Amino acid sequence: MKVLEERIIKDGQLLGETILKVDSFLTHQVDYQLMKDIGRVFAAKYRHEGITKIVTIEASGIAPALYVAEALDLPMVFAKKSKNITMTEDILTAQVYSFTKQVTSQVSIAQKFLKASDKVLIIDDFLANGQAAKGLIEMIEQAGAQVAGVGIVIEKSFQSGRQLLEEMGVPVTSLARLGRCENGEIKFLEADA
Ligand code: G4P
């Protein structure tokens, strides 16, 4: 997605060779116009796939996921990283290990929001090692629902996430694919859309 790559070049900051800071338009402050464009691109790709629900994980997946949901006129559900007191019903859970934070946390979705008849498109802001997406896939499968694919805004192609998800049989669509960045230069591989 050309406008996304241009925005990453313009406003993204490399922290070392492996971390990309995009807090001015994606992970902290959010550019709704860009999210709207992202929503349209994923919608164009998945419009005829019979998707019934968009699923993401809090926090930074919510903005792009909501615009995909709007473009496809579908509900969006986000997995919670902590259980709050109103979550009294049956829940689907998964353990997600973060390589960045080096902690395992339990994420959850209320069972009532995923049905066996659902066909789900997962959307997330970053794909690094794929642990968050793997946890979401596990919960969707616990519900007996089907995963149609994973849509990613920024894939870090030098990490193992895409390979893990493809080995699980889940297709990945990434709008920007970041290669290893040496000498402070941001490099992209060919994106999927
Ligand atoms: P994984 O799910 O692909 O295995 O990712 P990993 O554990 O490595 O990353 C954990 C968190 O760090 C995730 O957000 C992920 O989106 C984020 N992250 C990974 N690499 C980068 C990067 O280069 N830049 C930025 N900005 N974020 C990165 P999270 O902890 O779930 O955060 P949030 O969504 O609640 O903000």
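Colleague: How do the residues that line the largest pocket divide into nonpolar, polar and charged?
Modeller: This is a predicted model, where local features need pLDDT of at least 70, side-chain atom pairs count only at pLDDT 80 or more, and totals for chains, interfaces and linings use all residues. Residues are numbered from 1 along each chain as its sequence is written, and side-chain values use heavy atoms, leaving out hydrogens and water. A pocket is an open set of points on a 1 Å grid over the protein atoms alone, where a 1.4 Å probe fits, with protein on both sides within 12 Å along at least five of seven lines; lining residues have an atom within 4 Å of a point. With Ala, Val, Leu, Ile, Met, Phe, Trp, Tyr, Cys and Pro as nonpolar, Asp, Glu, Lys and Arg as charged, and the others, Gly among them, as polar, the lining has 17 nonpolar, eleven polar and seven charged residues.

Colleague: Which element gives the largest share of that lining?
Modeller: Elements are DSSP runs numbered from the N terminus: helices (H or I, at least four residues) and strands (E, at least two). Those giving two or more residues to the lining include β2, α4 and β8 (146-156). The largest share is four residues, from β7.

Colleague: Where does the ligand sit?
Modeller: A molecule sits in a pocket if more than half of its atoms lie within 2 Å of the pocket's grid points. By that test, the ligand is in the largest pocket.

Colleague: Which residues does the cis peptide bond join?
Modeller: Most peptide bonds are trans. Here omega is about 5 degrees, at the bond between Glu58 and Ala59.

Colleague: What is phi of Gln102?
Modeller: Gln102 is in the loop between β5 and β6. Most residues other than glycine have a negative phi. For Gln102 phi is positive, near 55 degrees.
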